[in-house]
Amino acid sequence: MLIVKDIHKTFFPGSVNEKKALQGVNLTLEDGDFATVIGSNGAGKSTLLNAIAGVFPIDKGSIEIDGIDITKMPEYERARYIGRVFQDPMKGTAGRMMIEENLAMASRRGKRLGLKWSSQPEMTAQFREALKELDLGLEDRMTAHVGLLSGGQRQAVTLLMATLVRPHLLLLDEHTAALDPKTAENVLSLTNRLVTTHQLTTLMITHNMRDALRFGNRLIMMHGGRIVVDVRDEEKKNLTVADLLGLFEKGAGEVSDSMLLS
């Protein structure tokens, strides 16, 4: 469970560049919730994810994951609870290391690292089976360097790494935005399969209204650093893109070109 209480974040306070990025955000995700987050540029979507991940301290409020107060916890300590996939496929993996080595590191999340961190034979078999589920043939390329993979393959490996040890919370920050449409669809399908199969509590940012409606049991819309719409379950299932545009215009007063073209 994720509980975000009245969090605020202002960048460059007191200067001409002051930006109130989060203004009293309250959000609770129950175990297994798969929430898509949508909003125009500058709405506060990525700032919210970064605040939860601990990229920067918040000015006010609190953040809890499964009853653990992580508000003042540094980013590296929060990583034991959080799996994350970034927009840039180059992030989240070590390009000069083999696929198997990347997976071995991911399998150690939340554990003490020692000199014997590399995978054992039984772990190699486990990684091979996990890679088979990606249906990309990577189970036969486990010694290949991740940097040699395509963007879609690399993002799929990153997603697998983020979920190899079940995280308390999975954060997806527009993780298909840098991919071509076909590859993005494949990664989204993989995402949906992993999240639903393992019932992962997930927060996924997207600019695509159709994707926001297609995936998850909950839809959150942000504007001006606030949550302006929060719908779930049957109410979400019955929404159309036209309905979503209407909700956006009512809650935010404007619709960006990128959202209309998605």
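**Notebook: sheet and cores**

I began with the sheet: four strands form an open sheet in the order β2-β1-β4-β5, with antiparallel pairing. I count strands as DSSP E runs of at least two residues and helices as H or I runs of at least four, numbered from the N terminus; two strands pair if DSSP finds at least two bridges between them.

The model is predicted, so I note the limits: local features need pLDDT of at least 70, side-chain atom pairs count only at pLDDT 80 or more, and totals for chains, interfaces and linings use all residues. Residues are numbered from 1 along each chain as its sequence is written, and side-chain values use heavy atoms, with hydrogens and water left out.

I looked up the edges and found β2 (19-29) and β5 (68-69), each pairing on one side only. β5 pairs with β4 (residues 60-65) in the antiparallel sense over two bridges. Glu64 stands opposite Asp69 in β5.

Next I turned to the cores. A nonpolar core is a set of buried Ala, Val, Leu, Ile, Met, Phe, Trp, Tyr and Cys residues joined through side-chain atoms within 4.5 Å, where buried means under 20% relative accessible area (1.4 Å probe, protein chains only). The largest has 31 residues, and Leu103 and Leu131 touch the most other members. I find at least two residues of this core in each of α3 (99-106), α4 (121-132), α5 (151-164), β7 (169-173) and α6 (181-198). The most come from α5, with seven residues.

I checked Leu131 for contacts (heavy atoms within 4.5 Å). Leaving aside neighbours within four places in sequence, Leu131 is in contact with Ile99, Leu103, Leu138, Glu139, Met142 and Leu160. I also noted a second, separate core of 29 residues, including Leu22, Val25, Leu29 and Ile65.

Key
Buried < 20%, exposed > 50% of the residue type's maximum accessible area, 1.4 Å probe, protein only.
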